[in-house]
Amino acid sequence: MFNDKIINDIKERLCNSNQTIAVAESVTAGYLQAALASAERASFFFQGGITAYNLGQKARHLNIEPIHAERCNCVSEQVVTQMALQITKSFSSDWGIAISGYAAPVPECSVHEPFAFYAITFQDKLVQIKKISSQESDAIKVQLFYVNKILDNFNQLIQSG
């Protein structure tokens, strides 16, 4: 389900540099938290996370700007950046990862293919923001694809210094 080698690499790099991570997720429904928590001694680097599925909860717990979020159904670069910055503050972590998007088509929102935005922050600064999409048709496979892609990208990011 998750790439254990990548998760272990992340754990080693964060532990060796005394850094921590927290996550804010929507579309991945807690899978990103589950992946990081699956590492041996996860509490040494993983501070925790929040899964917020709707605008009200994202505004309340992750300090997103609600007028913009309502216009884009909470799926934008701005929303995930705000989520990632807030999660690092809320959980006192060095790194923050946030994701919001769609795991299946939503024709009424003109979403015909699953996609998501994710942001990575480090010490209150945006480090990376990307849009990812999946050709999978099963929502759970899409969610797991997103998680593994983000963890792979994050691992490469911290590996490169």
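This is a predicted model: local features need pLDDT of at least 70, side-chain atom pairs count only at pLDDT 80 or more; totals for chains, interfaces and linings use all residues.

Which strand pairs with strand 1 (residues 21-25), and in which sense? Select strand 3 (residues 95-101): strand 1 and strand 3 pair in the parallel sense over five bridges. Helices (H or I, at least four residues) and strands (E, at least two) are DSSP runs, numbered from the N terminus, and two strands pair if DSSP finds at least two bridges between them. Click on A22 and you'll find its bridge partner, G96, in strand 3.

Residues are numbered from 1 along each chain as its sequence is written, and side-chain values use heavy atoms, with hydrogens and water left out.

Five strands make up an open sheet, in the order 2-1-3-4-5, with mixed pairing. Strand 2 (46-51) and strand 5 (125-133) are at the edges with a single partner strand each, so one side of each has no neighbour in the sheet.

Next, select helix 5 (residues 77-91), which lies across strand 1, strand 2, strand 3, strand 4 (115-122) and strand 5. Axes are lines fitted to C-alpha atoms, for helices over the stretch in contact, and angles run from 0 to 180 degrees between N-to-C directions.

Finally, show side chains for K58, H61 and L62 of helix 3 and Q82, M83, Q86, I87 and S90 of helix 5, which make the contact (heavy atoms within 4.5 Å).
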